Amino acid sequence: AAVDARTADDRVYRFFGSGDGAHVYLHPLFFKLLLAAGGGAAERLPRSVGAAVARVERFEMDAERRKKFPWLPHVPLGCDVALVDADKTRPFPRDAAVSEACP
């Protein structure tokens with residue numbers, strides 16, 4: 001599901017996360033592709049994304065990754081995180097929920 005996060009310096013980031021609250025998020029590169037497909041306008045992004053998972057990048061949130069992923073300020077240090085890269089070779093319905101979040 002699409003979520004907006006506000007950072008300490010009052011910037012707002014939009015990201016797609018797991019609907020069940022797990023720390024599983026759409027990879028930022030795929031998010032940029034999705035944004036470009038919508039003409040670059042955040043308000044044109046779907047509320048949720050349904051796509052086959054191509055790859056999952058897992059890591060533990062630490063200070064270095066917090067700098068790399070500033071749109072995840074709400075994730076506690078030490079928390080396990082998964083970034084999901086969707087299969088870009090197959091089309092996906094713009095209004096479906098994320099399927100196969102962590103294969």
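**Helix H1 and the three-stranded sheet**

Helix H1 (residues 28-37) lies across E3 and E5 and runs at about 40° to E3, where axes are lines fitted to C-alpha atoms, for helices over the stretch in contact, and angles run from 0 to 180 degrees between N-to-C directions. Helices (H or I, at least four residues) and strands (E, at least two) are DSSP runs, numbered from the N terminus. This is a predicted model, in which local features need pLDDT of at least 70 and side-chain atom pairs count only at pLDDT 80 or more, whereas totals for chains, interfaces and linings use all residues. Residues are numbered from 1 along each chain as its sequence is written, and side-chain values use heavy atoms, with hydrogens and water left out.

**Confidence**
- The protein chain averages a pLDDT of 74, and 70% of the residues score at least 70; pLDDT is the predictor's confidence in each residue, from 0 to 100.
- Over residues 92-103 the pLDDT is below 50, and this stretch has 34 contacts in the model beyond near neighbours in sequence, a contact meaning heavy atoms within 4.5 Å.

**Architecture and sheet**
- The protein chain has 2 helices and 5 strands, and from the N terminus on its elements run β-β-β-α-β-α-β.
- An open sheet of 3 strands has the order E3-E5-E4 with mixed pairing, two strands being paired if DSSP finds at least two bridges between them.
- Strand E3 (24-26) and strand E4 (53-60) are the edge strands, each pairing on one side only, and neighbouring strands of this sheet are turned by 25° against each other on average, direction ignored.
- E3 pairs with strand E5 (residues 80-86) in the parallel sense over 3 bridges, and Leu 26 stands opposite Val 84 in E5.

**The faces of H1**
- Pro 28, Phe 30, Phe 31 and Leu 34 are the buried residues of H1, with buried meaning under 20% relative accessible area, exposed over 50% and partly exposed in between (1.4 Å probe, protein chains only).
- Seen down the axis of H1, its buried residues fall within an arc of 155°, so they line one face of the helix; the arc is that of the directions from the helix axis to the C-beta atoms.
- Lys 32 and Ala 36 are exposed on the other side of H1, and just after this helix Gly 39 takes a positive phi of about 80°.

**Whole chain**
- Of the 103 residues in the protein chain, 38% are buried.
- Among contacts between residues at least 6 apart in sequence, 61% join residues at least 24 apart.
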